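Here's a quick briefing to read with the model open beside you.

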Amino acid sequence: MSEQMNPLWNLFIRAVQEEVKPALGCTEPISLALACAIAAEQLDGEITHIEAWVSPNLMKNGLGVTVPGTGMVGLPIAAALGAIGGDAQSGLEVLKSVSSEALDRAKFLLASGHVQVKLQEPCDDILYSRACVYAEGESASVTIAGGHTRVVKIEHQGETRFMLDEEQQCCADDPLAILSQTTLSQILAFVEQVPFSAIRFILESARLNDALSQEGLTGGWGLHIGATLRKQQGRGFIAQDLGSEIVIRTSAASDARMGGATLPAMSNSGSGNQGITATMPVLVVAEYVQADDEKLARSLMLSHLSAIYIHHQLPRLSALCAATTAGMGSAAGMAWLMDGCYDAIAMAISSMIGDVSGMICDGASNSCAMKVSTSVTSAWKSVMMALDDSAVTGNEGIVAHDVEQSIANLCALACRSMQETDRQIIEIMAKKAS
């Protein structure tokens, strides 16, 4: 059926398939784990030591995050576990089949001081990791750059086994390239008219991220924000209403993910938290309005594709917390479920830009669930305003009269002036780690 569709729609579907994928654990440490797993795959003997170099932004996002199934924080355990027990063919789920024996061996290697992760400076790539893994007289190195799973070089004993042809890749058909010429109105038209069968796959995001949410509500993960708010509901401190349910269930999923639960998140734009933020609020509202699978799929597709569309205008990693832009996607999805018109969607996104555009990213950690909860609170508040024909207007701050210009203004901040903010954040965090 897809061959008969509007060619633009096929590109939209491919863009979502590229950017919405299962991921186990925070994707920056997982990217390093993948590099180590691929390097170890080139070797025959037992792993003896590991050296790795990462970009400042990858270091920032790896300092304070728990690696799933380990109870440990940081890049070194991710590197060791990737090399010893990782599945090099599983992409962002590289650690999904790690055995307890592999975990014990990884912890021993780490405790023996045989795992070193250093800062790569200077570094032209925001997202960069290079892992050199040694095993009984031989070594292999793998470089990932420009994307969490984008392998650009594999070497064994100093000889190149693989080198990405950058020029050929640039010339290849890239579905994300179309986003630079896309508008929200085109995305909405696609969502409303595309055959349901072509987008049914997006329902998997609801299944995976809701499972994380249910796990987070047990209260044993991260800052247990979702579970705490649920408890306060029982005490009468928080209302039992739709807005609270959105915040609680979305926060709980982020709690579980950042706390190290061994369940995959359906990611968006290389981030599990962005995937959670783009999914859970829409799912909760869909349940409330008793939407069927088709309507849920269309609203999820609108949310995820809008989030990708906005995030595509940003650096892959930056000082801007991308839970905010994923929240703009969920605002679009929720507004569509509640109202369905383009104006409500545009107003909700503009109000969010006027509300949470200054939230910084200071690395992946348990506190990400706080930022997720803030973002989805803003999203729901903005939708409620839009349904009453109210929004932050183009007369205020960085918000413009046209939503596309509002998005461009936000992204200009992240691409330019917030780069200095990012350097300052990294400097502060580096001092804490030293």
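The side chain of His-148 makes a polar contact with the side chain of Thr-27, at 3.3 Å. Another polar contact, of 2.5 Å, ties the His-148 side chain to that of Glu-28. Keep in mind that this is a predicted model.

**Around His-148**

- You'll find His-148 in the loop between β7 (138–145) and β8 (151–156).
- Is His-148 buried or exposed? With a relative accessible area of 5%, His-148 is buried, because anything under 20% counts that way.
- Setting aside neighbours within four places in sequence, His-148 is in contact with Thr-27, Glu-28, Ser-31, Leu-34, Leu-92, Leu-127, Gly-270 and Arg-316.

- How many cavities of 30 Å³ or more does the structure hold? There is one, and the space in this largest cavity comes to about 370 Å³.
- A total of 31 residues line the largest cavity, and those closest to its centre are Asn-61, Ser-271, Gln-274, Ala-322 and Cys-361.
- Several helices each give two or more residues to that lining: α2 (27–41), α3 (56–62), α11 (242–259), α12 (272–288) and α16 (368–387).
- Sorted by class, the lining of the largest cavity has 13 nonpolar, 12 polar and six charged residues.

**The second largest pocket and Asn-57**

- The second largest pocket holds about 250 Å³ of space.
- Its lining is made of 14 residues, with Pro-56, Asn-57, Asp-422, Arg-423 and Ile-426 nearest the centre.
- Both α3 and α18 (418–433) supply at least two residues of this lining; the largest share, five residues, comes from α18.
- By class, the lining of the second largest pocket has six nonpolar, four polar and four charged residues.
- Asn-57 sits in helix α3, and its relative accessibility of 8% makes it buried.
- Which side chain does the side chain of Asn-57 make a polar contact with? The partner is the side chain of Asp-422, at 2.7 Å.
- Beyond four places in sequence, Asn-57 is in contact with Ile-126, Leu-317, Ser-318, Asp-422 and Ile-426.

**Nonpolar cores**

- In soluble globular proteins, nonpolar side chains tend to be buried together.
- Here the largest nonpolar core has 83 residues, and Phe-12, Phe-190, Ile-349 and Ile-407 touch the most other members.
- Take Phe-12 as an example: leaving out residues up to four places away in sequence, Phe-12 touches Ile-178, Leu-179, Thr-182, Gln-186, Ile-187, Phe-190 and Leu-305.

- Which residues of α10 are buried? They are Ile-225, Gly-226, Ala-227, Gln-232 and Gln-233.
- The cover over these buried residues of α10 includes α9, α11 and α16.
- His-224 lies in the loop between α9 (203–216) and α10 (225–234).
- The phi of His-224 is positive, about 40°, although His-224 is not a glycine.
- His-224 is partly exposed, because its relative accessible area of 35% falls between the 20% and 50% limits.
- Just after α10, Gly-236 has a positive phi too, of about 85°.

**Other backbone spots to look at**

- Gln-290, in the loop between α12 and α13 (293–311), is not a glycine but has a positive phi of about 55°.
- Is Gln-290 buried or exposed? At 71% relative accessibility, Gln-290 counts as exposed.
- The peptide bond from Glu-121 to Pro-122 is cis, with omega near -5°.
- Pro-122 belongs to the loop between β5 (115–119) and β6 (128–135).

Note on methods
Residues numbered from 1 in each chain as written. Predicted model: local features only at pLDDT ≥ 70, side-chain atom pairs only at ≥ 80, totals over all residues. Heavy atoms only, no water. 1 Å grid on protein atoms, 1.4 Å probe; cavity = no way out; pocket = protein on both sides within 12 Å on 5 of 7 lines; lining within 4 Å. Points joined across faces, edges and corners; volume = space filled by probe spheres on them. Helix = DSSP H or I, 4+ residues; strand = E, 2+ residues; numbered from the N terminus. Nonpolar A, V, L, I, M, F, W, Y, C, P; charged D, E, K, R; others polar. Core = buried A, V, L, I, M, F, W, Y, C linked by side-chain atoms within 4.5 Å. Buried < 20%, exposed > 50% of the residue type's maximum accessible area, 1.4 Å probe, protein only. Contact = heavy atoms within 4.5 Å. Polar contact = N/O pair within 3.5 Å; in protein donor to acceptor, adjacent residues only side chain to side chain.
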